[in-house]
Amino acid sequence: MVMRVIVAMAVLVWAVNVNALTVSTTIQKPKGYGMADTKDMNPLEALIAFFQPNDKFEYDKDLLARMVLTEATNDKDEQQAMMHVVMNRINEGQGYTLGSGETDVEQVLRGKNQFLGLTDNADVFNLSYDKMDDPTKKKYDDALLIAEEVLSGKAKDNTGGATFFNQTEKEDRVNYGKHYFY
């Protein structure tokens, strides 16, 4: 806890020195993902956000990494593209079957007849980390890093806005790994 206070104070000192802190008089929309969103917050909101863990961000990272375990090859571009399909569906907000879940990511992933790896490979999707073999752990760990980049908005959408993928080759589809995105 002491370390968090020291870091928070250092961030505040830096922000004051570079005139990054401004008090907003407009109502801010609640943010869903991580510290990257604090740039639109007033100083008090940013400080509060720093001390509150964002469990949903971690939960979504895990879900996206597990989806990749069941759907993708080891191609990191393919994995990123699959995660962007999920985010593109969330951003589009219509035209997809949604399942139940705590977060938008989970609802998209659990939609009926969507992301079949979750149901066809449920044993892999639900496998606890300590029971994963070394290659699976590496793929999962790599996918977690990609998921963090995608969820935080740091990773550019490499699909051109695709909301679907499959293994059917067609001329107008973007290809990564064994999948085509459209």
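Mentor: First, a term: two strands pair if DSSP finds at least two bridges between them. Here β1 and strand β3 (residues 179–181) are joined by two bridges and run antiparallel. Keep in mind that this is a predicted model.

Trainee: Which residue stands opposite Phe-181 in β3?
Mentor: Phe-165 does.

Trainee: And what is the strand order in the sheet?
Mentor: The order is β1-β3-β2, in an open sheet of three strands with antiparallel pairing. β1 (165–166) and β2 (174–176) are the edge strands, each pairing on one side only.

Trainee: Which helix packs on the sheet?
Mentor: α4 does, and it touches β1, β2 and β3. The direction of α4 makes about 45° with that of β3.

Trainee: Switching to the core. Which residues touch the most other members?
Mentor: Met-67, Met-83, Val-86, Val-105 and Phe-115, out of 33 residues in the largest nonpolar core. At least two core residues come from each of α3 (55–71), α4 (76–92), α5 (104–109) and α8 (134–151).

Trainee: What does Met-83 touch?
Mentor: Leaving out residues up to four places away in sequence, Met-83 touches Leu-64, Ala-65, Met-67, Val-68, Ala-143, Ile-146, Ala-147 and Val-150.

Trainee: Back to α3. How many of its residues are buried?
Mentor: 12 of 17, so α3 counts as mostly covered.

Trainee: What about the span of α3?
Mentor: At 1.5 Å a residue, α3 should span 24 Å. Its end C-alpha atoms are 24 Å apart, so the two agree.

Trainee: Now Tyr-96. Buried or exposed?
Mentor: Buried, because its relative accessibility is 16% and the cut-off is under 20%. Tyr-96 sits in the loop between α4 and α5.

Trainee: What does the Tyr-96 side chain make a polar contact with?
Mentor: The side chain of Thr-163, at 3.1 Å. Not counting residues up to four places away in sequence, Tyr-96 touches Arg-89, Thr-163 and Phe-164. Gly-111 is 15 residues from Tyr-96 in sequence, with 7.5 Å between their C-alpha atoms.

Trainee: Last one, Val-124. Where is it found?
Mentor: In helix α7 (residues 122–125). Val-124 has a relative accessible area of 27%, so it is partly exposed.

Trainee: Which residues does Val-124 touch?
Mentor: Arg-66, Leu-69 and Thr-70, again not counting residues up to four places away in sequence. Met-67 is 57 residues from Val-124 along the chain, and their C-alpha atoms are separated by 9.2 Å.

Terms used. Residues are numbered from 1 along each chain as its sequence is written. This is a predicted model: local features need pLDDT of at least 70, side-chain atom pairs count only at pLDDT 80 or more; totals for chains, interfaces and linings use all residues. Side-chain values use heavy atoms; hydrogens and water are left out. A nonpolar core is a set of buried Ala, Val, Leu, Ile, Met, Phe, Trp, Tyr and Cys residues joined through side-chain atoms within 4.5 Å. Buried means under 20% relative accessible area, exposed over 50%, partly exposed in between (1.4 Å probe, protein chains only). Helices (H or I, at least four residues) and strands (E, at least two) are DSSP runs, numbered from the N terminus. Contact means heavy atoms within 4.5 Å. A polar contact is a pair of N or O atoms within 3.5 Å; within protein, one must be able to donate a hydrogen and the other to accept it, and residues adjacent in sequence count only if both atoms are side-chain atoms. The expected span of a helix is 1.5 Å times one less than its number of residues. Axes are lines fitted to C-alpha atoms, for helices over the stretch in contact, and angles run from 0 to 180 degrees between N-to-C directions.
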